[in-house]
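The structure is shown first.

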Amino acid sequence: MATKKKSNTLKLKFDTAWPYAPAPESRSAAQIKDRYELFINGEWQAPLSKKYFGTINPATEEKLSEVAMANAADVDKAVKAARNAYEKTWRKISAKERAKYIFRIARIIQEKARELAIIETLDGGKPIRESRDFDVPTAANHFFYYAGWADKLEYAFLNKKAEPLGVAGQIIPWNFPLLMAAWKIAPALATGNTVVLKPAETTPLTALKLAEIIQEADLPPGVVNILTGAGETGAAIVNHPDINKIAFTGSTDVGKIIQRAVAGTNKRVTLELGGKAANIIFEDAPLDQAVEGVINGIFFNQGHVCCAGSRLYVQESVAKQVIRKLKDRMESLIVGDPLDKNTDIGAINSKQQLATINKYLQIGRSEGAEMYESACKLPNKGFWCRPTIFTNVAQSNRIAQEEIFGPVLSILTFRTDDEVIEKANNSPYGLSAGVWTDKGSKIFNMTKRMRAGVIWANTFNKFDPTSPFGGYKESGFGREGGLHGLLPYVELKNI
Amino acid sequence: MTGKGPQTTLPDFSISPRIDQVGVEERASRFTKRSIKNETKMNGLKLVLNMIDLTTLEGKDTAGKVKQLCYKAMHPHDAVPGIPTVAAVCVYPSMVSIAKKALEGSGIKVASVATAFPSGQASRAIKIADVKYAVQQGADEVDMVISRGKFHEGEYNFVFDEIAAVKEACGEARLKVILETGELGTYDKVRRASDIAMYAGADFIKTSTGKIQPAATMPVTLVMLEAIRDFYYKTGKMIGMKPAGGISKSKLALHYLVMVKEVLGDDWLNNHWFRFGASSLANDVLMQIVRAKTGLYQSANYFSAD
């Protein structure tokens with residue numbers, strides 16, 4: 001066996017020996033109905049619109065179910081139910097009672113964790129490993145956490161009385177469907193508000209499962225209403241005059257429209273929008289762990305993450321080494337059937353999103369950046385994108401400025417601390433950032449000067465219900481999670 | 001590589017790459033999430049068995065014990081056809097000639113611990129003599145221990161020179177350098193010791209003697225595999241890896257294989273480049289192989305207790 005080769009031609013091989021046999025999670029463990037109605041006032045109601053639309057599995061393009069399309073009249077019905085529940089029951093019952101209901105939701109989510117994970121993966125395309133180990137448990141944790149706050153609000157806001165706002169209209173995205181529903185519903189309920197929630201058009205199923213859970217938890221009718229639909233449904237929620245608060249997570253473009261729509265009304269708003277996070281590796285960083293953090297930062301959930309570390313800044317002295325390590329690591333990423341327990345990267349959420357990603361791959365190449373994708377095979381059906389990195393990227397390139405929302409990393413280099421701070425902050429976004437260095441003082445210097453709502457040091461994409469999340473600049477305003485996540489749902493009164 | 005000396009300019013070992021504890025432990029746990037099924041499991045189990053250095057390192061070792069162990073190495077479980085042998089039998093120097101004779105013609109290597117194993121607290125002359133004796137008795141491989149005391153004192157040159165001297169004394173025998181990671185304290189130091197050992201001429205780096213807890217762990221092994229990868233890219237030279245101690249279950253051994261596969265790739269997935277130092281692992285692997293073939297677990301009484 002040759003043990004010595006020229007080092008410039010060295011390459012590790014990852015593809016032939018000892019391949020993993022398929023290890024699919026059983027689809028039959030999940031119950032999906034052929035058709036779902038709207039969940040209004042604690043019961044399933046046919047839409048006044050009389051319209052339905054299909055939801056597909058993006059990994060196979062097969063239709064999973066069809067769901068109701070709520071129109072403005074349906075939204076009005078749901079808001080009335082929510083208002084009624086708010087006035088008659090939810091604001092009146094004791095905080096301890098509210099907590100009991102929320103705890104109940106959390107526990108049922110845990111009981112049905114496997115089914116929820118399978119449905120999340122089927123409907124959204126994300127690997128089962130992620131929906132099983134991240135999405136579903138974290139969603140349950142959010143309900144547990146805010147259930148704990150419900151009867152302790154006087155300790156969250158000392159010397160003030162925290163009163164609920166009323167009816168919250170909540171619009172959530174398709175990247176973490178169940179988890180985003182939890183982020184929105186849990187603090188609203190804990191503070192005594194009622195909810196009208198709209199899941200994203202391409203991923204309605206786990207929110208509808210959550211409606212079943214809410215029914216099972218025996219919440220008073222109308223406290224939580226779940227309406228499926230598209231952009232018009234969302235617009236009807238935003239424009240409904242009897243809604244007191246809008247919480248939106250999604251694109252910056254839609255966020256701007258919402259802000260215009262609510263201007264001049266007395267609706268409260270929180271927006272959690274796009275991002276183009278800078279992930280910064282200094283030459284003294286623990287490089288192998290940094291590379292792993294970069295991989296998780298950009299390829300987690302196919303890069304469909306608003307806080308994804310999509311701009312990598314590497315100090316020039318270690319750039320070559322880091323890029324080689326990244327490429328090796330990319331070769332061991334398994335792309336394919338999201339239900340397979342060994343899959344690292346699943347399907348792109350929708351045809352439309354795949355087109356957006358492909359557009360940016362084209363832009364990157366035409367801007368002169370060097371594109372590298374992993375060598376993996378892709379399935380024939382469904383929407384797929386290989387893990388991709390661009391090197392030789394300039395700050396002025398569009399792939400370094402605009403949110404791609406896919407498994408695509410732009411790599412830029414820098415020389416000094418000041419230079420990288422300036423480049424990192426040179427973005428309309430400011431949701432998250434990462435710093436990798438072995439030097440503690442450098443971490444403090446960097447985190448102090450970076451304009452982003454969440455900054456990770458020597459790690460990336462870590463979430464916890466106790467930790468507030470939200471953006472600077474065009475990444476939005478308001479915080480979700482933690483004590484701070486209560487604030488957007490209360491009116492504080494000095495007595 | 002004997003006599004050629006180190007191949008590139010020596011790095012400053014005090015600035016070996018830093019390791020982040022949280023990150024490396026998280027990455028190591030990720031390998032345990034791989035689902036190993038069907039033919040992958042069967043092939044993996046056979047591979048694990050074929051990578052074992054079947055070990056007996058006790059004060060009470062006798063010729064009788066070593067001969068029985070050697071028979072087990074060659075015939076792990078004859079009741080089932082198609083089961084591979086282990087890679088090597090690992091013994092003290094005094095038992096090398098017995099093992100050599102018992103294993104003659106089988107292709108199974110004889111590995112001998114040396115250099116005042118396990119503490120390494122002896123003079124260089126005694127250590128070298130220990131190595132030369134083992135090699136002269138017929139050892140194909142020598143498992144040395146580094147001077148951990150000197151390493152903690154920051155005497156990296158001492159540690160380096162000692163490894164280089166032992167390598168020279170090994171002649172044709174392959175040298176495994178035991179870092180005794182359970183005594184090093186941090187992943188940073190594991191990485192530094194790995195770098196020193198490889199640049200000084202190790203053919204293998206090995207975690208532990210098996211006499212100290214903790215012995216091999218997945219994060220420690222990951223740090224060492226990453227050191228091997230970096231060394232390979234710098235010098236073009238492949239170095240073997242041997243986690244030893246504490247790996248007694250097949251499932252854990254398969255997790256280690258996953259780690260090797262995903263960090264170093266296909267070239268390291270054989271017993272020339274990867275070994276398990278273990279004594280009780282073999283029977284668990286055999287039990288799992290029989291389970292996979294028949295669908296039934298047999299009692300431990302069906303597997304020879306050597």
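## Second largest pocket

The second largest pocket is lined by 30 residues, and those nearest its centre are A:Phe14, A:Asp15, A:Glu331, A:Leu333 and A:Ile334. Two or more lining residues each come from helix H11 (316-331) of chain A and helix H10 (250-263) of chain B. The volume of the second largest pocket is about 840 Å³. Its lining divides into 15 nonpolar, 6 polar and 9 charged residues.

On a 1 Å grid over the protein atoms alone, a pocket is an open set of points where a 1.4 Å probe fits, with protein on both sides within 12 Å along at least five of seven lines, and lining residues have an atom within 4 Å of a point. Grid points are joined across faces, edges and corners, and a volume is the space filled by probe spheres set on the points. Ala, Val, Leu, Ile, Met, Phe, Trp, Tyr, Cys and Pro count as nonpolar, Asp, Glu, Lys and Arg as charged, and the others, Gly among them, as polar. Helices (H or I, at least four residues) and strands (E, at least two) are DSSP runs, numbered from the N terminus.

## Basis of the model

This is a predicted model, in which local features need pLDDT of at least 70 and side-chain atom pairs count only at pLDDT 80 or more, while totals for chains, interfaces and linings use all residues. Residues are numbered from 1 along each chain as its sequence is written, chains are lettered from A and ligands numbered from 1 in the order in which they are written, and side-chain values use heavy atoms, with hydrogens and water left out.

## B:Glu262

Helix H10 of chain B contains B:Glu262. This residue is buried, with a relative accessible area of 7% (buried means under 20%, with a 1.4 Å probe and protein chains only). Beyond residues up to four places away in sequence, B:Glu262 touches A:Phe14, A:Tyr20, A:Ser332, B:Arg27, B:Phe31 and B:Arg34, where contact means heavy atoms within 4.5 Å.

The side chains of B:Glu262 and B:Arg34 are joined by a polar contact of 2.6 Å. Such a contact is a pair of N or O atoms within 3.5 Å; within protein, one must be able to donate a hydrogen and the other to accept it, and residues adjacent in sequence count only if both atoms are side-chain atoms.

Chain A is assigned domain 1 (27-273 + 475-493) and domain 2 (278-465), with bounds from an automatic or database domain assignment. Their centres, taken over C-alpha atoms, are separated by 30 Å, and 34 residues of domain 1 are in contact with 31 residues of domain 2.

The largest pocket holds about 1400 Å³ of space. Its lining comprises 50 residues, with A:Trp174, A:Gly250, A:Ser251, A:Val254 and A:Gln352 closest to its centre. Both domains of chain A give residues to this lining, so the largest pocket lies between them. H9(A) supplies the largest share, 6 residues. By class, the lining has 23 nonpolar, 20 polar and 7 charged residues.

## A:Asn458

A:Asn458 is found in the loop between strand E19 (454-457) and E20 of chain A, and is buried, with a relative accessible area of 15%. Apart from neighbours within four places in sequence, A:Asn458 is in contact with A:Pro286, A:Val435, A:Trp436, A:Thr437, A:Ile443 and B:Asp20. A polar atom of its side chain lies 2.9 Å from the backbone oxygen of A:Thr437.

How values were computed:
Buried < 20%, exposed > 50% of the residue type's maximum accessible area, 1.4 Å probe, protein only.
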